[in-house]
Amino acid sequence: MAHLVAVLALEGAIAFELGIPARIFGNAKDDAGRPLYQVATCTLDGGPVATSADFRIAVDHGPELLERADTVVLPASHDSDPDLADAPFTPELAAALRRIRPGTRLMSICTGSFLLAAAGLLDGRPATTHWRYTELFARTFPKVLLDPDVLYTDDGDILTSGGVAAGVDLCLHVVRRDHGSAVANAVARNCLVPPWRDGGQKQYVEAPSPVTSGGAGTGTAAVRAWALEHLEEPLPLRRLADRAGMSVRTFTRRFREETGASPGQWITTQRTERARQLLERTDLTIDQVARRSGFGTGTSLRLQLRGRLDVAPSAYRRTFRTSA
């Protein structure tokens, strides 16, 4: 039976965040094309609710859906500073949350984390929220281990994300955690979004639009595409800058403007993703995976996976092995 994801829509729901779980989880399928998740939306009384836009939504479920859910998602429900300090944690919402079975996975998108915090579910646990409201969150919920910069946090059975598109990253992360990179990447391709942004990546990068007109040296996209085809080779910064026709300083600045990461960080992320795919889809030895993904040695690969995923390559393969 497919894993049931219940999305709780509250009055004033922000439509974009509300639709993320259905879009991401609803596109996850196994090798036979069968859905891996069933996504259903509920409200506190089963009736329609207004969104933050100029329309209302009608749902087929009331809070009783939460009793059957394997995962419950709380999207953002409003977008104004004064209201967030109190967060709409009503007796009706408290009663609905009490319906959730122990052990059910809880997720929040954007300011939905205010609701989890108001319920006391985040006390002593890591969490994040939209960067615009992190100071307010910290003042309101001092017992929560707030990380104001990251895209999302994963504390096992409770996960939180930053604002808007970070909810996409969180849902893809959960699909990857549940079913491996191959399934998550297929979902990302279908939805035309990046397959993976590390949860530790900063939420908000104040970056100008990259220059796309003019001659050579106006962007780093071509170099990034080339690097993806040569991850197994040494990729020192000077080599990348020379290929882009830029000085190292200009290339580094332009690269960060366009990706939100340094060249070294970006390459390590891509090599990690390549290693994950090879571990899932091939019978290559750990040392062979390390060489083909650009980490060189099995020891280096083990250090990277331990640091980023807190798992050894062999354990990752056992968990996420897919048929070739």
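Helix α13 is followed by aspartate 310, whose phi is positive, near 55°; helices here are DSSP runs of H or I with at least four residues, strands are runs of E with at least two, and both are numbered from the N terminus. The model is a predicted one, in which local features need pLDDT of at least 70 and side-chain atom pairs count only at pLDDT 80 or more, while totals for chains, interfaces and linings use all residues. Residues are numbered from 1 along each chain as its sequence is written, and side-chain values use heavy atoms, with hydrogens and water left out.

The buried residues of α13 are Gly298, Leu301 and Leu305, where buried means under 20% relative accessible area, exposed over 50% and partly exposed in between (1.4 Å probe, protein chains only). Seen down the axis, these buried residues fall within an arc of 60°, so they line one face of α13; the arc is that of the directions from the helix axis to the C-beta atoms. Thr299, Leu303 and Gly307 are exposed on the other side of α13. The cover over the buried residues of α13 includes α11, α12 (286-293) and α14 (313-320), with contact meaning heavy atoms within 4.5 Å.

Helix α9 (residues 237-244) buries Leu240, Ala241 and Ala244. These residues cover an arc of only 95° around the axis, which puts them on the same side of α9. They pack against α8 (221-228), α10 (248-259) and α11 (263-281). After α9 comes glycine 245, with a positive phi near 70°.

Six aromatic pairs are present, a pair being rings of Phe, Tyr or Trp (its six-membered ring) with centres within 6.5 Å, and planes under 30 degrees apart counting as stacked, over 60 as edge-to-face and the rest as tilted. The rings of phenylalanine 25 and tyrosine 37 have centres 4.8 Å apart and planes at 55°, so this pair is tilted. It links helix α1 with strand β2 (residues 37-42) across twelve residues. Phenylalanine 25 is buried at 0% relative accessible area, and tyrosine 37 is buried at 4%.

The rings of phenylalanine 255 and tryptophan 266 have centres 5.7 Å apart and planes at 75°, so this pair is edge-to-face. Phenylalanine 255 lies in α10 and tryptophan 266 in α11, so the pair ties together parts eleven residues apart in sequence. Phenylalanine 255 is buried at 2%, and tryptophan 266 is buried at 13%. Arginine 224 lies over the face of phenylalanine 255, at 6.0 Å from the ring centre; this requires NZ of Lys or CZ of Arg within 6 Å of the centre and within 35 degrees of the ring normal.
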